[in-house]
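Trainee: I would like to learn how to read helix packing, a ligand shell and a domain boundary. Can we go through them one at a time?

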Amino acid sequence: MSFCLETTQLTYRFTGQETALDNIHLQVPQGSIYGFLGPNGAGKTTTLKLVLGLLKKQQGHITIFGKPFEQHRVAVLRQVGALIESPSLYSQLSAVENLQVLQTIYRCPSQRIHEVLQLVGLANTGHKKAGQFSLGMKQRLAIAMTLLHRPALLILDEPTNGLDPNGIIEMRELLKTISREQGITILISSHLLPEIEKLATHIGIIHKGKLLFQDTLETLMRSTQQAPVLISTNNNTQSLQLLQAQGVHVAAANGHLLMQGVTKEKIALINRQLVLAGIDVYGIHAQHHDLEATFMDLINH
Ligand SMILES: Nc1ncnc2c1ncn2[C@@H]1O[C@H](COP(=O)(O)OP(=O)(O)OP(=O)(O)O)[C@@H](O)[C@H]1O
């Protein structure tokens, strides 16, 4: 598989502090939306800053578009769009004027300003000044600015921070559109798993400077599938004895029985056995063991 961005043994320590990043092997596949997840202070921003050359690398290697970053810094950064921390907008200028400032630097055609504003849904904001925009609009303008020079890789550090639920949905849809229609690889950091889960194709989970998981979202989902199963019956004591006698990992919990590690075939068998023993089964359902639980499991072990 070809990686748009790869780090090997990336380690970083702020002066006088504990190690902020410990041996990070980040592999962001070409064309992916890579969700870089971790709680506050995990090391997400530090990683992204190193990858963009905003912090001086101490140890390890960074390869972007197959090239060692340090030797090809300028060429690589020409193809990268980034939004780290809050966007720098001119609040007294309109959306178009903000983009015109960058257009001069990037020397791209005026038509491109219209294209990116259309893409982020700000084509009709006219003379309205950026300072009067909602936070969601400011964030979308900031994304437009990162897209102006047609990057192949977009690096976004917590772009949904501070947005209301509607702003979060708009941002998610925008990033999906950018990925789908422009074929841009997106590396997005967040501490919000439910947000990343709805967006990313690939996930990296970082905690205390260590990368604990990295794979497709599908693989992470699969690891959550052996969810605990809850059974409620008219006689939990008898059911518990019957199931324990058969070697099922089962325990009583809040008026239910909780079983671990059972397949769907085993659930059907258990149901039949309970009914044959004269027990009324009121309900059997898998306890919702979602990605949030898997995420918490990973960072708490
Ligand atoms: N300039 C700095 N000086 C000293 N320590 C720092 C500095 N910046 C970050 N750190 C520390 O490095 C660790 C990683 O911080 P980082 O900002 O990369 O985490 P994060 O995952 O981006 O968190 P958040 O979601 O809060 O932004 C933390 O322990 C943080 O306190």
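**Reading the packing, the ligand shell and the domains**

Mentor: This is a predicted model. Begin with a helix pair: α4 passes α5 in a right-handed crossing.

Trainee: Which residues of α4 and α5 make the contact?

Mentor: On the α4 side they are V116, L117, L119 and V120, and on the α5 side R140, L141, I143, A144 and L147. By class, this contact of α4 with α5 has eight nonpolar residues, no polar ones and one charged.

Trainee: At what angle do the axes of α4 and α5 cross?

Mentor: At roughly 140°, and the axes come within 9 Å. Helix α5 covers residues 135-147. Angles over 145 degrees would count as roughly antiparallel and 65 to 115 as roughly perpendicular, so α4 is oblique to α5.

Trainee: How does α3 pack with α4?

Mentor: Helix α3 (residues 95-106) and helix α4 (residues 110-120) pack at an angle of about 130°, and 10 Å lies between their axes. The two are therefore oblique to each other. α3 passes α4 in a right-handed crossing. From α3 the contact takes A95, V96, L99, Q100 and Q103, and from α4 it takes S110, I113, V116 and L117. Six of the contact residues are nonpolar, three are polar and none is charged.

Trainee: Now the ligand. Which residues are around the ligand?

Mentor: The list is F14, Q17, A20, G38, N40, G41, A42, G43, K44, T45, T46 and H191. Sorted by class, the shell has three nonpolar, eight polar and one charged residues.

Trainee: Which helix gives the most to the shell around the ligand?

Mentor: Helix α1, residues 44-51, with three residues.

Trainee: What does the domain assignment of the protein chain give?

Mentor: Domain 1 spans 3-216 and domain 2 spans 225-300. Their centres, taken over C-alpha atoms, are 43 Å apart.

Trainee: How many residues of domain 1 are in contact with domain 2?

Mentor: Eight, and they meet five residues of domain 2. On the domain 1 side, the elements giving two or more residues are α7 (193-197), β10 (202-207) and β11 (210-216). The largest share, three residues, comes from α7. This side of domain 1 divides into six nonpolar residues, one polar and one charged.

Notes: Residues numbered from 1 in each chain as written. Predicted model: local features only at pLDDT ≥ 70, side-chain atom pairs only at ≥ 80, totals over all residues. Axes fitted to C-alpha atoms, helices over the stretch in contact; angles between N-to-C directions. Helix = DSSP H or I, 4+ residues; strand = E, 2+ residues; numbered from the N terminus. Parallel < 35°, antiparallel > 145°, perpendicular 65-115°, else oblique. Left-handed = near helix turned anticlockwise from the far one by under 90°. Contact = placed C-beta atoms within 7 Å. Nonpolar A, V, L, I, M, F, W, Y, C, P; charged D, E, K, R; others polar. Near = placed C-beta within 6 Å. Domains from an automatic or database assignment.
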